Structures are given as structure tokens and as C-alpha cells.
Amino acid sequence: MGIFRGKRKLKSNSALAIAAGCAVVFMFIATIISVFLYKKRMDEAENLLAEAKYSQYQSYVVMISSDDESDFWQQVYMAAKEYGDEYGVYVDMLSESIDNNYRKNELIEMAIESDCDAIFVEGDDTVETAEMVAKANAQGIAVFTLSSDMAVESRVSYIGPNSYTVASLYGKALLDNLVRQNKVMVFGGNSINKTYADTFISNIQNVLEGADIVNAPLEYEEKIVEKEGAFATEEYIQNLFKENTLAPVVICLDEDSTDTFYQAMIDYNKVGTILLLGSNCSETILTGIKQGVIASTVYVDPTDIGKAAAGAYVEYRDSGYVSEYISVEAKIINKDNVDAELQGVAND
């Protein structure tokens, strides 16, 4: 009889173990479901908050450039965003919302698919960008070109410096600094298009026509970095110095190439042998001017471009009209005013 009582006890223990196991499994499943439901509710709450946020804005505008991470375009973006906030315009730097790197035309296509109200884009001379701008226009999306224009009728307005005024400032810098040099290399990184460089050379030739220059006329050589990539401009310039195929005067048309030429002149002991004229206004460039390595730079305040762009869109949105060309002032920075500019950078 004792044996039979033992078997019943064993069966009872097994049943308890099974029941306990089922309870653990049930609690585990219940926990997973609870976490899932909690996450779902949080996602829904975030979406509601996002909708509430966006409902505060009347318009959605996407900004796209050749280098959204650069200081210049970040300042353009922040100024446009700040101005837009005051007038119900949400300005979005699309590349900051995605993980992968996309080409400019791909970003424009994404902006079109997002059904935005307008696109701010750095102009260029590629067929792909022109096609995307035309597509945006066909779908009723207003396109504004910033900093550099493009030869398409489908854009609404250009906001940036007057190309002839920019060439005039470089022309003045040449007249102030040339000694006997007569060969000039006009250099553009991969953010500069050939059309812009060609127009620049044509304008500066017109500016200097009839000027009293030793060994005139000046000979111009154009170099544009066509390869894409973060280090393409640096590699190109390094090769120029290694091969010693440099003109005695170099005009850089963008900030990246100016910074790189400045550093290469120091690395290859070319300070004093090359007259370097730069573009834009980084702390590195200002330091180069202070040291006498860079003669001068032509600068357009990015905040002026950002504010003017946002203002142009608001005017177009509210009235249906806006000027096809909105000029933003350019200025020259050289040894005479570089200290004030450096002080401004230090205060920032």
C-alpha cells in the first residue's frame, strides 16, 4: 500500500511542476504583450505629438545642398529655419533625417515624394538636377536656388550673390596683390560646377579689361574636381603640389578647396611663392589671412542667404509672386579687416 501512495505523490509533484511551468510561460507571454502594447502606445503618442507640432506650421520646405554637413550650409539652414518658424514655415534639412548618403537628385526626388510645398536647393549644371527641378515644378512645388543658380526656367527664384559683383571683388584683390604673375589657376572643388567657373572667368576678364597690369593679359587655367567623395578635393590638390603643376596665382571658388590649398602651401613649403585668393570664411581661412598665407577671401554671409530664402518663400506663398533674382551682398576680407572678422568668430 505504501508503494501506491508514493506513486500518487510523484504524480502530484509532476502536476505541480507542470502548473508552475505553465504559469511562468504565461507570465513571460503576458510581459511580452504588455511591452509590445506599451511601445505601440508610445509610438502612437509620439505620432500624435509630431502631428500636433507640424500642425503649427502652414508650410513644409526642404533644403538640399552639395554638402549639408559643411559649416556654411548648416548656417544657411539654421537661419532659414529660424526665420521660417516666425512665419509658419517648417524648414527641413532632409539629409539629417536619413542614415544613408544620397545624391542631390535623389534627395530632390525624396522631397517631391514627401509632397513638400517648396525646395531650397544649391544650383548646379547637371542634367539630373535640372530634370528633378522640372519634375518638382510640374507637381506644383516651388523651387528656389541658393548660392549658385542653374539655367532652368522651372525654378521660381535665385537667392545669392551677384556673380559679376563677386568677380569684381576678386579683380580688385588681383590688382592689389599682383606683381609680375600672369598665370591664374581658377580652382573649384566638387561642389563647384563648370558653368559657374566659366562664368567667373568671363566676368573677371571683363572686370580687368583695360586695367594696368604688368605682363597683361592674364592667362587663366580652370581646374574642377569632378570626382565625388569627402576627400576628393584634398587628393586632387595634393597631386597638384606633388607634381608641381601650379600657377603662381590660385583663386579657390569654395571653402573646402581654400582650406586645403592653405594647408598644402604650408606642408609643401610654398608660402610666399603662390598668391592664394580664397572663398568663404572659416576660422582656418581667417587664420591663413592673418598669417599672410592667403591674400584675401570673398565672403557671403550664409545667414543672409538663409533669411532671404525663407523670406522669398513666404512672399511667394502669401502673394503668389517673388523676384526672380534676390541679391545677397558679398564682401572681401583681407589683412585690413581680418582682425575684426576673427573677433567675430571668437565671440560666436
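This is a predicted model: local features need pLDDT of at least 70, side-chain atom pairs count only at pLDDT 80 or more; totals for chains, interfaces and linings use all residues.
Thr260 is found in helix 8, which covers residues 255–267. With a relative accessible area of 13%, Thr260 is buried, because buried means under 20%. Its side chain reaches the backbone oxygen of Asp256 at 2.8 Å. Leaving aside residues up to four places away in sequence, Thr260 touches Glu234 and Ile237.

Follow the first of those contacts. Glu234 sits in helix 7, residues 232–243. Another pairing to look at is Glu234 with Gln263. These two are 29 residues apart along the chain. Their C-alpha atoms are separated by 10.0 Å.

Now turn to helix 4.

Which residues of helix 4 are buried? They are Thr129, Met132, Val133 and Ala136. Seen down the helix axis, the buried residues fall within an arc of 100 degrees, so they line one face of helix 4. An α-helix has 3.6 residues a turn, so residues three or four places apart point the same way. On the other side of helix 4, Val127, Glu131 and Ala138 are exposed.

What covers the buried residues of helix 4? The cover includes helix 3, strand 3 (118–122) and strand 4 (142–146). Just after helix 4 comes Gly140, which takes a positive phi of about 80 degrees.

Helix 3 and helix 4 also meet through charged side chains. Glu109 and Lys135 form a salt bridge, at 3.5 Å from N to O. Glu109 lies in helix 3 (residues 104–113) and Lys135 in helix 4 (residues 127–138), so the pair ties together parts that are 26 residues apart in sequence. Glu109 is partly exposed, with a relative accessible area of 34%. Lys135 is partly exposed as well, with a relative accessible area of 27%. The general principle is simple. Side chains of opposite charge can pair when their charged atoms come close.

How many salt bridges does a search of the whole structure find? It finds 13. One of them is the bridge between Lys223 and Glu221, whose closest N and O atoms are 3.5 Å apart. Glu221 is partly exposed, with a relative accessible area of 34%.

Arg317 and Asp318 supply another example. Their side chains meet in a salt bridge, with 2.9 Å between N and O. Is each partner buried, partly exposed or exposed? Arg317 counts as partly exposed, at 23% relative accessibility. Asp318 is exposed, because its relative accessible area is 53% and exposed means over 50%. Elsewhere, salt bridges that share partners join Lys194, Asp198 and Glu222 into one network.

Technical notes
Residues are numbered from 1 along each chain as its sequence is written. Side-chain values use heavy atoms; hydrogens and water are left out. Helices (H or I, at least four residues) and strands (E, at least two) are DSSP runs, numbered from the N terminus. Buried means under 20% relative accessible area, exposed over 50%, partly exposed in between (1.4 Å probe, protein chains only). A polar contact is a pair of N or O atoms within 3.5 Å; within protein, one must be able to donate a hydrogen and the other to accept it, and residues adjacent in sequence count only if both atoms are side-chain atoms. Contact means heavy atoms within 4.5 Å. A salt bridge is a side-chain nitrogen of Lys or Arg within 4 Å of a carboxyl oxygen of Asp or Glu. The arc is that of the directions from the helix axis to the C-beta atoms.
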